[in-house]
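Thank you all for coming. I would like to walk you through one structure, slowly enough that someone who has not seen it before can follow along.

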Amino acid sequence: MPQTPKKLNTLLLRLTSALAQNSTAVIDFETSGVKPRSDVIAGIGVYFPETHEAHYINVGHRLLDDRFPLYSPDELAAALKPFLDRADSHLVAHNATFELRFLLKMGLVPKCRVTCTLVQM
């Protein structure tokens with residue numbers, strides 16, 4: 001039986017577990033720019049208000065820091081998909097249109113409720 005890579009047993013596994021245990025997640029993508037068609041995801045921050053947990057997943061930084069291993073966008077998408085597919089999940093984002101464009105770029109179509117916190121005056 002193949003072994004799961006060590007990095008998968010740490011941050012991404014913790015995020016996957018938290019996504020399964022919580023009904024609300026607040027996300028914030030860190031990107032290389034503001035154009036989803038041409039820019040790439042550098043990382044994602046996820047906060048769970050129910051448990052007061054916060055997670056950061058590095059998907060684009062080439063940091064030399066073992067605390068933030070580099071994951072592929074496909075690995076991140078696989079972790080997010082079950083949460084986004086649950087009708088009883090609630091995704092919250094500031095400027096959710098921006099975040100949704102990057103989720104769509106990753107092949108993810110949320111089936112859950114999405115709330116945007118951006119207030120325009």
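Predicted model: local features only at pLDDT ≥ 70, side-chain atom pairs only at ≥ 80, totals over all residues.

Residues are numbered from 1 along each chain as its sequence is written, and side-chain values use heavy atoms, with hydrogens and water left out.

Let me begin with helix α1, which covers residues 11-21; helices here are DSSP runs of H or I with at least four residues, strands are runs of E with at least two, and both are numbered from the N terminus. Which residues of α1 are buried? They are Leu11, Leu12, Leu15, Ala18 and Leu19, where buried means under 20% relative accessible area, exposed means over 50%, and partly exposed is what falls in between, with a 1.4 Å probe and protein chains only. Seen down the axis of α1, these buried residues fall within an arc of 125 degrees, so they line one face of the helix; the arc is taken from the directions that run from the helix axis to the C-beta atoms. On the other side of α1, Ala20 and Gln21 are exposed. As for what covers the buried residues of α1, the elements include β1 (24-31), β2 (41-48), β3 (53-58) and α2 (73-85).

Now to the aromatic rings. A pair of aromatic rings is described by the distance of the centres and the angle of the planes. The rule used here is that rings of Phe, Tyr and Trp (for Trp, its six-membered ring) pair if their centres lie within 6.5 Å, and that planes under 30 degrees apart count as stacked, over 60 as edge-to-face and the rest as tilted. By this rule the count comes to three aromatic pairs. One of them joins Tyr56 and Phe68, an edge-to-face pair with 6.0 Å centre to centre and 80 degrees between the planes. Tyr56 lies in strand β3 and Phe68 in the loop between β3 and α2, so the pair ties together parts that are twelve residues apart in sequence. Tyr56 is partly exposed at 25% relative accessibility, and Phe68 is partly exposed with a relative accessible area of 26%. Elsewhere, Phe29, Phe98 and Phe102 form one aromatic cluster.

Next come the charged pairs. Side chains of opposite charge can pair when their charged atoms come close. How many salt bridges does a search of the whole structure find? The search gives three, a salt bridge being a side-chain nitrogen of Lys or Arg within 4 Å of a carboxyl oxygen of Asp or Glu. Asp85 forms a salt bridge with Lys81, the closest N and O atoms being 2.7 Å apart, and since the two residues are four residues apart in helix α2, they are separated by about one helical turn. Asp85 also forms a salt bridge with Lys111, where the closest N and O atoms are 3.3 Å apart. Asp85 lies in helix α2 and Lys111 in the loop between α3 and β5, so this pair ties together parts that are 26 residues apart in sequence. Asp85 is partly exposed at 30% relative accessibility, whereas Lys111 is exposed with a relative accessible area of 53%. Arg86 forms a salt bridge with Asp88, the closest N and O atoms again being given as 3.3 Å apart. Through shared partners, salt bridges join Lys81, Asp85 and Lys111 into one network.

What about the cysteines? A search of the whole structure finds zero disulfides, a disulfide being a pair of cysteine sulfur atoms within 2.5 Å. For Cys112, the nearest cysteine sulfur, that of Cys116, is 14 Å away. Cys112 is buried at 9% relative accessibility, while Cys116 is partly exposed at 37%.

Let me finish with one more residue. His90 sits in strand β4, residues 90-93, and is buried at 14% relative accessibility. Leaving aside neighbours within four places in sequence, His90 is in contact, meaning heavy atoms within 4.5 Å, with Ser23, Thr24, Ala25, Phe83, Arg113 and Thr115.
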